[in-house]
Amino acid sequence: MEQLKTIGRELAIGSHGGWGQSKEFLDLVKSIGEARSKAEEDRIILREVESLRRRIAEPDVPRRKMKEYIIRLVYAEMLGHDASFGYIHAVKMTHDDALPLKRTGYLAVTLFLSEDHDLIILIVNTIQKDLRSDNYLVVCAALAAVCKLINEETIPAVLPQVVELLTHPKEAVRKKAVMALHRFYQRSPASVSHLVSNFRKRLCDNDPGVMGATLCPLFDLICADVNSYKDLVISFVGILKQVAERRLPKTYDYHQMAAPFIQIKLLKILALLGNGDKQASGHMYNVLGDIFRKCEQSSNIGNAVLYESICCVSSIHPNAKLLEAAAEATSKFLKSDSHNLKYMGVDALGRLIRINPDIAEEHQLAVIDCLEDPDDTLKRKTFELLYKMTKSTNVEVIVGRMIEYMINISDNHYKTEIASRCVELAEQFAPTNEWFIQTMNKVFEHAGDLVNVRVAHNLMRLIAEGFGEDDEGAESQLRSSAVDSYLRILGEPKLPSLFLQVICWVLGEYGTADGKYPSAYIIGKLCDVTEALLCDDTVKAYAISAILKICAFEIAEGRKVEMLPECQSLIDELSTSHSTDLQQRAYELQALLCLESRAVESVMPLDASCEDIEIDKNLTFLKDFVQQSIENGATPYIPESERSGMSNVSNFKSQYQHEASSHMLRFEAYELPRPSPAHVIPQVSVPTPIADLFPVPETTCNSETSQASKLPSVAGASSAAHGIKLHLDGVQRRWGRPTYSSSSGPSSTTSTEKTTNGVTHIDGVGSQSRDKLNESRRQQPEVSAEKQKLAASLFGGSAGKTEKKATSTQRAPKGNTRNAERPGAARSRSPETSKEKAAPSVPDLLDLGEPNPTSTTIVDPFKQLEGLVGPTPMPSPLDNSVKTSGFETPDLMAAAYTDLPPSGSSSGSLSSTTRDMYSVDKTSNTATSVPSIKKGPFPQDSLRKDARARQVGVTPTGNNPNLFKDLLG
Amino acid sequence: MIHFVILISRQGKVRLTKWYSPYQQKERSTVIRELSGLILSRGPKLCNFVEWKGYKVVYRRYASLYFCMCIDPDDNELEILEIIHHFVEILDRYFGSVCELDLIFNFHKAYYILDEILIAGELQESSKKAVARLIAAQDSLVETAKEEAGSISNMISQAI
């Protein structure tokens, strides 16, 4: 019996030509399907990889066998395992003459290799040959590989042939050639810049597919340089008009929209071309109006086109009528039940308010609903909108909300983003100093390690310079409030390193400035900082420098500095530190303590962080030393500009156009060794501004001067100690980002980046009352009132706009009570209603897994199954096995259905047209075993597929209950 | 531009991956792990989009299979949603009521089809018919070149 069953299974697999793989491979896939954990899956694949490694290396593997091995390698690689040992075999397979094998080879290499892989060079030759083939399928396969594999270096090798293919008789080839050129443009714009006319020609191609493909490169080209394509505006408008009027072949229709993907691409291009160009925009108004009128809102794709039209309208020169239409469409999005459309609506609103800020007012409650929605995606989008509409009047509410959200998320990437947005808004619109400092403290406390170092430096600069006003009193008030809050915060455990740096710097600079705190107290606090468990070297460096400054100020004032024991032990510890930077600072402090007050005052003047430090860039004081060294036989210093002049000029041009990193490799590979005396230099030193240091075998004197001249930003021309520091600094800059964090003394930190900051200081209008309002809003559970208040604080008026505020709040209850009530009620109701809507309609095949409970019970699937299997010429064993394996399925399916959540969010928006389309040829699709009877034109076929599925045994384990449900069912 | 396409099952198993931007093998694993954690846990009524590391990932669920595409932040999400559907409709037409098993066992064919729809991360063909024609042309060539794979009797003898 067992044996018979096996035969049945084999038959099921063997009788069907479609799968075409060996039993071994099917077994592998099956066992992966049955694997219950990732670890088990990994074990299976590792075993498979091992066996492939052995077998693929055997001599004389038949080609067909090899093809399967390659596909199995692809499978292993797809599941995340390394199959690099087989890459070379895939490459070899591309050389094969038989198309099926060649195609497999190309597929495998495009999946295996990235564009900078060493093996690519072995494929280029084959690609060249295949591009010349007279079989267009071979050419297509080669072009697909070209798109993935050809990198900047190899573009010239295939470019002429690809260009030739632009006029190939087969449209599929022309289309792929265009896409290949597009890829080339992305890799290296210069390589195809002379081919722009070809793209223009292809725009008039007879085949709409080729025309559609041409829009991709044109979009990129227009992005880069709008003005050279203004002449195409009329053609694009013409094409869009024709597309919208359904002049394209029916096959390009999608869900009863006329070529929507091409429309979207064209709208994107028009948005670019019309941006800030009244004349060009004038040509577009008509067709855009048509699209707004014609676009149906019921289908998802219709909304996609509509959204793109809104983007286009908001980008081109404004037109009142179109803006109205766009606003209307946006409000439909926002009022929709679908989260997707709400999301698009919020985005569209963000675009429209740039032109007309008043549009937002109408949608305030909808926006607040989105803000409070449990859906994170929607929430973030709404924050983006709020970010765009922040003004000095609502900054407190918005930033407060942002920080509240920031504290509660764990996604570091987004946390960073939202933190930097908070900082930006706070810097731009801060109503009061206290608020600003508090906000910054919160941001640093909760996201300190994530925010950019620049933000910390900005904060330090702001505290040092004030808000750009010449009001000394306000400045010192800002500083002392900062010092107060920092001393308070220092008591808290686990502060982020960056925040500690800011605290140390501010305490060092201004801790004793207003005389409120004795220096010993501040020094003690700073010592505590360094003793914390997680204190890193940078913080220690900031702390010791801060101590140094406080001591310096004390000495300059003529007071005696009492060295605290913990401070002394800190100095001792740091002067034996592994970090030379810390050692340096500790020794500097010790040296400073021995100086007399006048010397100290000139080394460390009080509140001088904003002063510019004069630097003698020519280093005249070293002239004698240089002269002496040269006389002693040292090689004279060659300035960088002269050195770079020696290597190829054209190389440098392109260098500045692209990323330096990608060129480093090419540099070494292609540069011929030059017989000039400085031939070492071009290879070692990369002439980008980042690499200041170069290990050129010159005398110390020369390298030192060159370093110094490269780093004019480093302060401390006067003290000898600083002179030594230059070394450290250079090293730091070489490996890290060019920041100031640990490199130079804190006093020079801000002075070097002294720029005008255009921050304006706005006095808060009723900030307290709004705070209260905020508070009360949080306490009150009542929805509408609280929302309206929030709305008022977000959208509504400033003190100056009271009238407007009044009207808006008046209007709010009228127009919005329904809206306001709805969310509470609608949220509980909506799932039901949507179900109700869905249930009576024709069973929706495209509906994503929405169970249709009514029909599952009607028929016994197995009766039907037997009935269908009966007439097929299959031996009885199969029948048997179908039954045996099928017996457990009804329960399984039921279980699958019950735990299946209701349909995906898009189901509501899914067009009725889609349903129609699908319900025409597939009427019933309920439980998976039933649909086999009616679905598709070949019921027996699909039934066999189901049966086979069970034979193979991937599903009935219960691990994968949904496996053989049709994707579209 | 589409940076990658991933098909994952509801259990988080990878069914198909296609990378249009360079990702190392290690990065790929982390990407898949992160995204499946992010997407599979989302409720059914929520947006079909998630923001992820400065990109956006658009996903759509068909039965137990999630189709995910990662795009730039300024791309049109609804369009991508329809590109996914376009792909599924073509798969459906090709396999005849496509199911997850079809994709599991014929992933290479799914790759061929995907290659006809997307190239270098852009939509190259929006006509289902054009894609179907090209795939059929390729398949017919494959069929003619194929020798008869093991006959039924062969299989039976093997099994016994």
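This is a predicted model: local features need pLDDT of at least 70, side-chain atom pairs count only at pLDDT 80 or more; totals for chains, interfaces and linings use all residues.
Residues are numbered from 1 along each chain as its sequence is written, and chains are lettered from A in the order in which they are written. Local features need pLDDT of at least 70, side-chain atom pairs count only at pLDDT 80 or more, and side-chain values use heavy atoms, leaving out hydrogens and water.

Trainee: How many helices does chain A have?
Mentor: Good place to begin! Helices are DSSP runs of H or I with at least four residues, while strands are runs of E with at least two. Chain A has 0 strands, and its helices come to 51.

Trainee: What share of the residues of chain A is buried?
Mentor: Buried means under 20% relative accessible area, exposed over 50%, and partly exposed in between, using a 1.4 Å probe and protein chains only. Chain A has 969 residues, and the buried share is 55%.

Trainee: Is L122(A) buried, exposed or partly exposed?
Mentor: Let's find L122(A) in helix α7 of chain A, residues 120-131. Its relative accessibility is 41%, so L122(A) counts as partly exposed.

Trainee: Which side chain of opposite charge is nearest to R28(B)?
Mentor: R28(B) sits in helix α1 of chain B, residues 25-40. Lys and Arg count as positive, Asp and Glu as negative, with His and the chain ends not counted. R28(B) is buried and has no salt bridge, which would need a side-chain nitrogen of Lys or Arg within 4 Å of a carboxyl oxygen of Asp or Glu. At 4.9 Å, the nearest side chain of opposite charge is E77(A).

Trainee: Which backbone oxygen does the side chain of R28(B) reach?
Mentor: Contact means heavy atoms within 4.5 Å. Leaving out residues up to four places away in sequence, R28(B) touches L111(A), W19(B) and Y23(B). At 3.0 Å, its side chain reaches the backbone oxygen of Y23(B).

Methods
A polar contact is a pair of N or O atoms within 3.5 Å; within protein, one must be able to donate a hydrogen and the other to accept it, and residues adjacent in sequence count only if both atoms are side-chain atoms.
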